[in-house]
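Here is a short tour of a protein model, written for someone new to reading structures. Have the sequence and the 3D view open as you go.

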Amino acid sequence: MTQADTKNTEQDESLAGLAGKYLTFLLEDESYGIEILKVQEIIGMQTITRIPRTPEYVKGVINLRGKVIPVIDLRLRFGIEAAEVSRKTCIIVVQVSKSDASVTMGIVVDEVSEVLEISSNEIEPAPSFGTRVETSFILGMAKTEDSVKILLDIDRIMSEEEMDALAKSAG
Amino acid sequence: MTNQVHAAKEKIRPLIEKAAEQIVMADFSDPSELESLSEAFFSVSGELGDEFPRCAKAARTAAEMLHQGDGGAQGEAAPDLQAIEQVLSGLQSLVEKDSADHEPGFPDGFAPAPQAHDSPDAGDENQDTLAAAADREIMDEYIAQQEAVIPEIEERVLAFEEDQDTEVLKELKRLLHTAKGEAGVIGLTGIADVCHKLEDYIHHREADLQADLLLEFKDWFEQTVLALKNDTELPASENLVGALKDAIESPVDDVEKKDAPCGEKEPEPAEKDPEPEEKPAEEDQGAGQDQPEGLMSPAEIEDPEITADFISEANEHFDISDENLLILENDPENEEAVASIFRAFHTIKGTSSFLGLTPISVLAHKAENLLDEVRRKNLDFDGEVVDATFNALDLLKKMNKDLEQALASGEMYVPPQELPGVFEQLKKALAGPAKSSSGGDSGKGQKESRDRKDSGQAEEKTPQDNSGQPSVQEPDSGSGGGQGPAGANGTGSKKTVRQTMKIDPDRIDHLLETIGELVIVESIVSQEASGLEQGSRDLERNLGQLKKITRSLQDIGMSMRLIPIDSTFRKMGRLVRDLSKKSGKKIELVMEGRETELDKGMVEMLGDPLVHMIRNSVDHGIEETPEDRKAAGKDPTGTIVLRAYHQGGNIHIDITDDGRGLDRDAIAAKAIERGIITTQENMSDEEVFALIFEPGFSTAKQITDVSGRGVGMDVVKSNIEGMRGNVRISSEKGRGSTFTLVLPLTMAIIDGMIVRVGSERYILPLLSIIESFQPTGDMITTVSGKGETVPFRNQLLPMFRLYSLFSVADAQTDPTSALVVVIEDAGRQIALMVDELLGQNQTVIKNLGQGLKDVEGIAGASIMPDGTPGLIVDVNGVVKMATA
């Protein structure tokens, strides 16, 4: 019991640190949020050059004003079925911090919604689904007036180990 | 009694103060200063006399030590200043604190311990302990390092046991090799021997390594390091060495007999091992005592900004000194060169002492002293003096590098352990035979005859006689090195100084990146404009103008990163000199095309591979002795030519030796034995020669400390490939070999051939494409239902379909309506099936973004004319993928 208590206070503290502005977007009918400070820009869908021997969710690379950046499909990353590219489909360019440097990366989402100010009392820890659902990249859940947004830890969507692993598994 | 005591104390007070002052200020390479210090101690000892027998004895011992030390010619008995300082502070405390004779603490051996008044005189044994104490710091560092290495060794051994991965074995070998080297450096020959033994074992029995034995080694090593740490007795190594020896000699079908002698020789030193902890003490004795410990202890970097400036400035001085040293070697009389090196050392000394970098300033000071003697013509610039100067310069370079690293990581600066040794050498050189100040003809004559006798030292020629061919020639000395044979006019190093500007490399990179973007946008706009129905004349003209300007911007941008290859070549002159001295072979290095310009990053990266290749040429290429060469009808002096030139948009660097040449049969035999190939039939010479790049491949029967482990060529290949270049070998047995490095002009730009595979486009580096053709149906032969081959220039090449390697769905599957591109990697050719060739382009290379760097078969990306990224095929990776 006491253990659970300390755990709760710890969680509360860490959740308080999550308050701030989030860019929210849709995948299928679920709503997600990314810390606005991680977002560099939003660009329209464009031709993506496929990279052979990488997992399916790595869509490939695009040319962002002369810089080549990798793009991943969040739908496929979360195990949601791929969707047709629509007019609303776009790429959110994010700055992911890795242990030593910051990496620019694009993520394909169905539709960008809005920028929301989320206060700490709206945030709850990610529920545990056991091992069936991977929650390591979920910072928390935000209950806003109309819906629940899943706040993503973008740094962990593609962890270094995963990047390494994918490069190896692909080979 | 008390009065007497006080009187004696008052008398010695000024003496001690003076001595203290001297010891701080003194330059210990100056014998006269040592002598006066010694006198001061003697008189202190006299004054203390009977009242303080113990302190008097300590002072006398110190005085004697100093006295012996200034006999500098022998050099070995250099005084241990740290101990002397301790004696001094003991005496000071005696005077200041009114203490009794037995109270002040003196270092061991200087005075009898208070309780045992009649212990023996300060002997050699005690000096050993002193030296060992001075080494303690180095030892601690070593121990800390090895403690980190041990788990790595274990991890590798276990991983190797698991899946017999040769990559892991290679890493393990590297670790062992490093461990051996480090142990050797600090004199732990016991450890070094065992490591060497284990290396031999791995080398000979790679096929059936017993992990148990490897782990046994690791345990032993761990215990040894622990013992070193706790100063306890080291574990015995006989069992391990014995087991290794047995393992090497135990019969296995393919163990070569010729390796046996190498194995038998080793255990001898290793068996002497039980008490290796004494060895460092003995070996480093002279070194350890030479300098106060303060010199060797880590120093805080006080002013990072000025230190950074110092580092880059020092590097420039090093370059200048290197160049002038080489001139001097050929022309010892060149005053200009001496003065210039002297100035360089002097500047380094000044700045470093201002920055509180005592080890650097002291070393520079000593080297400066030596050169001053040369400058004043008290010393000839030859033999010992040359070596000492070179070594001092090398060490300074190393220290500067260490300093740079320390600065970057924010750590303390730790002086290198070689320092005392170089001090010693400088001192010896300084004390060396002084020539008569007039430097008359007789002196010169002597020197010449001495040099002639010294047949092993190829570089030591007398320029007076044959200044026309100094041993380091540059027939092609252009803008890069304006110093021809300096002896000819005496003012060799004068050249016009061009104004240069230092620019932060990041800014240049940023500029280049921006230019790259401009190039891309320009080509996109041009393409869009050409698609317009009613393009206006003006637009067309303006676009043409834009294109021209963009291209010239690109050229200028690229040229900003280009520097002459000279700086790397210069180092090779030095290397050949050292190697030829070491091996006793006479070798002449001819350098051509030093002014050839290359990307700065590449010039630096070329250093390592060139070192390995030159070592290889010296060690394996050139015949053992001048007699061997004469017998083969060649000039007794071997020649290595280093030549850089442009060819077809690439840079070629040839390393040519006129030695034995590569032995095709021996290489093939070794490769068959190692299971790399099954037969040498149908293999071109070049393909066979390329086998020497296989990791661990060596036909050397004897492993020397120069080469033979088979690691070097592996390094060459991977480094050159890292620069997107390749290595070609041509060789004629008995006549010599030529290694050609083919490199792109810059690493930032690639000449590529765009190929289409289905809806995907890939870029093949033009450098590796030999030819492309459309096969007919009867050309394709299927081998056992899987592999395919096509004939090409009287050979059957394996053919691979790019679409299946890269899993492209919508590609042409019928070879007869597709194209075959023959690509080459390290002498090996394969055929790659693609849909069609779309054309050439020259583009800026980008990486795939962090984390996607290591995609197999892809070397990077590049922006296509239409603005989308195209993938650059990694030819080496594809060949590996295809043949895996």
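## Chain A

If you take the contacts in chain A between residues at least 6 apart in sequence, 56% of them join residues at least 24 apart. Keep in mind that this is a predicted model, so treat what follows as a reading of a prediction.

Chain A has four helices and eleven strands. It runs to 171 residues, and 47% of those count as buried.

## Chain B

Now switch to chain B, where you'll find 31 helices and 19 strands. This chain has 884 residues, and buried ones make up 49% of them. For contacts in chain B between residues at least 6 apart in sequence, the share joining residues at least 24 apart is 69%.

What about the outside? The accessible surface of chain B is about 41200 Å², and 49% of it belongs to carbon and sulfur atoms.

Find helix 9 of chain B, which covers residues 238–249. Its twelve residues reach 16 Å from the first C-alpha to the last, close to the 16 Å expected at 1.5 Å a residue.

Which residues of helix 9 of chain B are buried? They are Leu240(B), Val241(B), Leu244(B), Ala247(B) and Ile248(B). These residues cover an arc of only 125 degrees around the axis, so they sit on the same side of helix 9 of chain B.

## Another helix, and what follows

Helix 29 of chain B spans residues 712–722. Its buried residues are Gly712(B), Met713(B), Asp714(B), Val716(B), Lys717(B) and Ile720(B). After helix 29 of chain B comes Arg724(B), and its phi is positive, near 60 degrees.

## A nonpolar patch on the surface

Finally, look for Leu511(B), Ile556(B) and Met560(B). On the surface, these three form a nonpolar patch, and together they have about 250 Å² of accessible area.

Where does Met560(B) sit? It is in helix 23 of chain B, which covers residues 537–560. Met560(B) has a relative accessible area of 35%, so it counts as partly exposed.

Methods: Residues numbered from 1 in each chain as written. Chains lettered and ligands numbered in written order. Predicted model: local features only at pLDDT ≥ 70, side-chain atom pairs only at ≥ 80, totals over all residues. Heavy atoms only, no water. Helix = DSSP H or I, 4+ residues; strand = E, 2+ residues; numbered from the N terminus. Expected span 1.5 Å × (residues − 1). Buried < 20%, exposed > 50% of the residue type's maximum accessible area, 1.4 Å probe, protein only. Arc of directions from axis to C-beta. Patch = residues over 30% accessible without salt bridge, like charges linked within 9 Å, V, L, I, M, F, W, Y side chains within 5 Å. Areas by Shrake-Rupley, 256 points an atom, 1.4 Å probe, with all protein chains shown as cover. Salt bridge = Lys/Arg side-chain N within 4 Å of Asp/Glu carboxyl O. Contact = heavy atoms within 4.5 Å.
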